[in-house]
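Please keep the sequence and the coordinates at hand.

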Amino acid sequence: MSTPVSDQTASPLIFESGQDGRANRYFSRGKQLSEFLPREALREDLPIPDNSEMDVVRHFTRLSQRTFGIDVGFYPLGSCTMKYNPRVNDAMASLPALRDLHPYTPDAFAQGALRIMWELERSLCSLFGMAAFSLNPAAGAHAELAALLIAKAYFKSRGETRRDKVIVPDTAHGTNPASAAMCGFKVISLKSDKRGRVSVDELKKHLGADTAVCMMTNPNTLGLFEDHVHEITRAVHEAGGLCYYDGANANALMGNARPGDMGFDLMHLNLHKTFTIPHGGGGAGAGPLGVVKQLVDFLPTPYVRKKNDSFVLDFDVPKSIGPMRSFWSNFAHIVRALAYIYANGAEGLTKVSQLAVLNANYLRVKIREFLETPYDETCRHEFVASAQELKKATAVRALDIAKALLDRGYMAPTIYFPLIVPECLMIEPTETESKETLDAFVDALRDIVETAKRDPEQILAAPVTTVVGRLDETRAARQPDLRWYPSP
Amino acid sequence: MYTPHTERDIAQMLQAVGVDSLDALLRVPDAVKLRERLDVVPALPETEIVRRFEELARMNAGASCVSFLGAGSYRHYAPPAITALAMRGEFLTAYTPYQAEVSQGYLQAIYEWQTYICLLTGMDIANASVYDGATALAEAAIMAINANGRQKILVSRAVHPNYRAVLKTYCDGLDVAIEELPIAEDGTTDLRELARLAASKEYACVALQSPNFFGVIDTPGAAEQAASKASGTVLVAVVAEALSLGALQAPSQWGAEIVAGEAQSFGVPMAYGGPYVGFIASTKEHLRRIPGRLAGKTVDSNGKEGYVLTLQAREQHIRRERATSNICTNQAHCALIATMYLALVGKTGLRDVAAANLERTRELAEAVDAIDGCSLHFTAPHFNEIVVCVHQPAKHALAKLEQRGILGGVDLGRYYPEYANCILMAATEMTTTQDIQLLTKALHEVVHVHARV
Amino acid sequence: MAQPEGLLYSKEHEWVKIDGDRATVGITDYAQDSLGDIVYVELPKVGAQVAQFGPVGVVESVKAVSDLFTPVGGEILEVNTSLENDPSLVNREPFEGGWLFKLKLPGGSQNAGLLSASDYESFVKES
């Protein structure tokens, strides 16, 4: 990716500039702190620099120019749903009466905010077939943890404390087993079958009186629809367990199928995937947690409830697992997500999923001409390709293809996930990309593969147009340098 | 609608894929077919969306009230330069910097954030952020448990009640017990039992918040620090009002090994509770246990300096069930905002704004104390919050203030039955003399006695 | 890399050199190659009693993490402290300077669950 800023420009740290006293005048000159507090309570020094506003603006502007976002180019990062983030959503989240509202504002003075939360919750319940959603969790993984805590509390309330196993397919996202471990559950990894799906027979071998939860997603992380999902959930329920739906791939089925109808008891959504919350470099996200009727009493507090014509924050959820975070939700993101649903309505969201699936299949049939696609059937919103054959022939791996894409102005797809596909590339275009963009991407990828066969060194050296080349990750891990230190 | 497809595009693409219709791509088994009509908010053109949200915003009367609300979320000034920078599309729409070569900007910003947190707290390392202060405390407790294997936690009752509640939610999952230290008369934590409790070596950590929930500066003395250290009980500092780090002793100075805090005060909007940004910082010793992402400096094949996410083997995407935490997405954009805030205000600005907070709070305290029928409940030194006793149930007094368009503070009876007659009030650099006058006039009426001249 | 003489192997890709009632343990060349550049090794505590094939530590590389299982049970006598500053020793000298820990063995043979050099080579080829 070429950058407007010259490759030779060094990028000094903000700490390497500035002069004591080169302060901006945001505040009036303060009195001596010792006028207010005893000296022992005060800090001795404050080793952060004073920089002029212009220097700070230039610094961060330069940093932004060294950052690739959806706004810069095609970002087919599988499993992350990097779709366009509409700006009207940000404008609504920035309305002063929404942005500057304190969380302890009494309910009567926050009816707008509470109504926004309630409208989003009702919409999500209908879209995904759940009885209630908590808007509490700050991210998908946070919601997963809450869900497993709910499962734990649910079984405890029924005296079924022997249930300590969580079953997770081997294609699952790493947060699934990590969340399970944080609740003291033991994780059983289920081997996927030849078709890349969860095998009902294999599942049944592991089901029993110690089964707590089966966690999965549909479509799965290979982008394939789990066509036996209703048999899976039925089997788990027969064994007395609960079924959890990882909503990372929700973009594939809005208006088409609902986790609630598939038999899932708990689910989360990633608003920063399906519902256009900006990813912001790695967060903040928002992870609403949906449950069926029998689990509603366990939801984290507070829950937004409609009482007659007004709305309240209900802290008296009877068997709640407790709160998951300091306050009530990532509200600014709730605003964004609701604005997005308003832009679409039910029909629009149905179209979103249809076109996400069309875009993925279009790429799949074009790419399989020159790169192996291990599961050659209709995919949903994403699919996997493998560079295993290419690696055997040329030594060029998925990692090298990824780096070569950076040189051609694209963000690389997800690589090396899911773990069951060697030299994996997981490609998710999303529905906001045009046919021209997809065609150009196919051309670029084809060119890389052909170059790999003809002159692999070129690909192995990538990227060469970016501000830095491949970085020494071994050194970064062996000699961690995680911060700047002031000179003594 | 943000899909660019024309009818022709769709037709051509369907043909390339080899199907007749979109429906052919989205077949589902009968058992899971969607049969209900979906009931979501209606589709509106953008002009109507704006009108709708402006209407909803107008229903938030609280946003235009005079407010003394604090308690873990603070109204502070955010220079507009922050929004101008943070809302740049590259920052807003990037994801986790896994492809480091095209993410150098964000990675460097995270490295700078990590540095700022270390400089402010006196710690050696800090991570790329966690969801908020409450979850930071929970993660810090988990770090301590992993450090010494003990299954009990000690936490002060003066730590933010919501933080303690979240800690309990997490500890219930891990079957870890929590015990609380009581509050002393002056508003600090009663540490008389700490040495004895620590010596039992049963507690993984002891968590103290300073300034605490009541705004009181609440740090352990030398004897308590020594007792913790000698017994291997990890001292965890909780910081809910990050601005206080501009004035108060760094937690490293009073023996903290891990600092768990909330950086919302650094330019992040209050936004009815989120998104905020938590930070975790620690001494070198805990490097391997620190959860979440870390940005590290290294070089490329030409010897040029650059940044990468590092020590990823600790994280969930590699370690899976053996990860130190399940955290994936953090709060990168809010951490970026906080980093920009600190870069813009600098040491001089941070000192000035801290001084302004202290000055306005002193003005508030003196004005409120002068009202017959109101008194300051705690005597210990404090930062930008005070506890005011109104000699009647605080919730009644607050309701009467609301009728006058004033949000007087948080009813402490909500969390502490013994302080049911007390209001927690905050004053920041945004609080004006006029605000304080309005409050005192109203409070005076509410408590039905004449103010002393 | 040629396998040195006199070692036995486990299916978890560790080697053990038994010398009377003393044993030295490390990971094999195949293991270090699969893991990639090793960045950190978590070793058992000196004095700990460990059971054969039980988990005793962790080997971390840039992109992966692997549990360490001891091929023989006994008491940990010594751990290779050089690895703290130079974990790359495990990559460069998996059988020599990159040894991980030494144990004192109780009486009785533990060879039953272990593989000879040729058996281990076959095992690796099949993987």
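Predicted model: local features only at pLDDT ≥ 70, side-chain atom pairs only at ≥ 80, totals over all residues.

**Overall architecture of chain B**

Of the 453 residues of chain B, 62% are buried, a residue being buried if 20 or more other C-beta atoms, placed from the backbone, lie within 10 Å of its own, exposed if 12 or fewer do, and partly exposed in between. Residues are numbered from 1 along each chain as its sequence is written, while chains are lettered from A and ligands numbered from 1 in the order in which they are written.

Along the principal axes, the C-alpha atoms of chain B fill a box of roughly 85 × 55 × 50 Å. Chain B has 14 helices and 15 strands; these are DSSP runs numbered from the N terminus, with helices being H or I of at least four residues and strands E of at least two. Among the contacts in chain B with a separation of 6 or more, 73% are between residues 24 or more positions apart, where a contact requires C-beta atoms, placed from the backbone, within 7 Å.

An automatic or database assignment supplies the domain bounds. Chain B is divided into domain 1 (62-77 + 346-446) and domain 2 (80-340), and the C-alpha centres of these two domains of chain B lie 28 Å apart. Their contact takes 23 residues from domain 1 of chain B and 25 residues from domain 2 of chain B. On the domain 1 side, the elements that give two or more residues are α12 (332-369) and β12 (385-389) of chain B, and α12(B) provides the largest share, 5 residues.

Within chain B, helix α7 (residues 133-148) packs against helix α8 (residues 161-174) at an angle of about 45°, with the axes 8 Å apart. Axes are lines fitted to C-alpha atoms, for helices over the stretch in contact, and angles run from 0 to 180 degrees between N-to-C directions. α7(B) and α8(B) are therefore oblique to each other, since angles under 35 degrees count as roughly parallel, over 145 as roughly antiparallel, 65 to 115 as roughly perpendicular and the rest as oblique. The contact is made by residues including B:Leu137 and B:Ala141 of α7(B) and B:Val166 and B:Tyr170 of α8(B).

Technical notes
Contact = placed C-beta atoms within 7 Å.
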